[in-house]
Amino acid sequence: MSLYVANPTSRNSIRELTNIIRNLAGMNEVKFFPVVEFLEWVLPQIDPLFSLEIVTPNELKNQYAVTYPEKHLIRIQEDVYERAFSGSGRDRFTIAHEIGHYIMHKPGTIALARSQNYERVPKYKDPEWQANTFAGELLAPPQIIKGFSEKEVAMCCGVSLEVARIQLKNI
Ligand SMILES: [Zn+2]
């Protein structure tokens with residue numbers, strides 16, 4: 001269920017986008033995508049207005065991170081940021097997910113779903129599906145994971161086994 005609808009997109013379009021981003025950052029062959037460094041050093045070059053705030057736990061009310069595209073701001077809970085920096089797959093995914101919102105969901109591209117349509121927002125219009133797909137494609141793209149087992153993908157790319165499985169299924 002999604003309360004919001006985004007402009008429709010597909011996994012293939014998102015894959016093209018993450019490939020462009022990896023190329024821009026000179027990281028198309030990099031297995032372990034340095035998502036924290038990308039956030040700190042590359043995103044401000046793509047968008048000079050970008051700012052990052054690391055906040056104390058509980059400040060975000062039940063969320064690990066929040067993106068405000070209209071304010072050019074991503075806020076991340078301190079412990080999530082630290083675990084991502086240490087290589088935790090789940091926390092790396094959280095950060096990549098927020099980068100996805102930041103890049104894809106600029107103001108005006110997201111609308112509230114009509115209340116009677118909550119159950120009917122198709123996944124390709126669901127901003128959460130789009131951000132999750134973006135995160136999977138950024139961290140574990142097909143050209144890197146081809147021929148790997150789930151475990152190898154998780155190890156090499158720094159993602160959870162669940163994300164490794166989804167990415168391998170969608171090669
Ligand atoms: Zn989200």
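## A first look at the chain

Buried residues account for 33% of the 171 residues in the chain. Keep in mind as you look around that this is a predicted model.

Let us start with the overall form. The C-alpha trace spans about 45 × 35 × 30 Å along its principal axes. For 171 residues, a compact globule would have a radius of gyration near 16 Å, and the chain has 16 Å, so the two agree. Contacts also reach along the sequence: of those between residues at least 6 apart, 62% join residues at least 24 apart.

The chain contains eight helices and five strands, and reading along the sequence gives the pattern β-α-α-β-β-β-α-α-β-α-α-α-α.

Three of the strands form an open sheet with the order 2-4-3 and mixed pairing. Strand 2 and strand 3 are the edge strands, each pairing on one side only. On average, and ignoring direction, neighbouring strands of this sheet are turned by 15 degrees against each other.

Here are the elements to find in this part of the structure:

| Element | Residues |
|---|---|
| Strand 2 | residues 51–55 |
| Strand 3 | residues 65–68 |
| Strand 4 | residues 73–77 |
| Helix 4 | residues 89–104 |

How do strand 3 and strand 4 pair, and over how many bridges? Their pairing is antiparallel, over four bridges.

Finally, turn to helix 4, which lies across strand 3 and strand 4. This helix runs at about 15 degrees to strand 3.

Notes: Residues are numbered from 1 along each chain as its sequence is written. This is a predicted model: local features need pLDDT of at least 70, side-chain atom pairs count only at pLDDT 80 or more; totals for chains, interfaces and linings use all residues. Helices (H or I, at least four residues) and strands (E, at least two) are DSSP runs, numbered from the N terminus. The radius of gyration is taken over C-alpha atoms; the globule rule is 2.2 Å times the number of residues to the power 0.38. A residue is buried if 20 or more other C-beta atoms lie within 10 Å of its own, exposed if 12 or fewer, and partly exposed in between; C-beta atoms are placed from the backbone. Two residues are in contact if their C-beta atoms, placed from the backbone, lie within 7 Å. Two strands pair if DSSP finds at least two bridges between them. Axes are lines fitted to C-alpha atoms, for helices over the stretch in contact, and angles run from 0 to 180 degrees between N-to-C directions.
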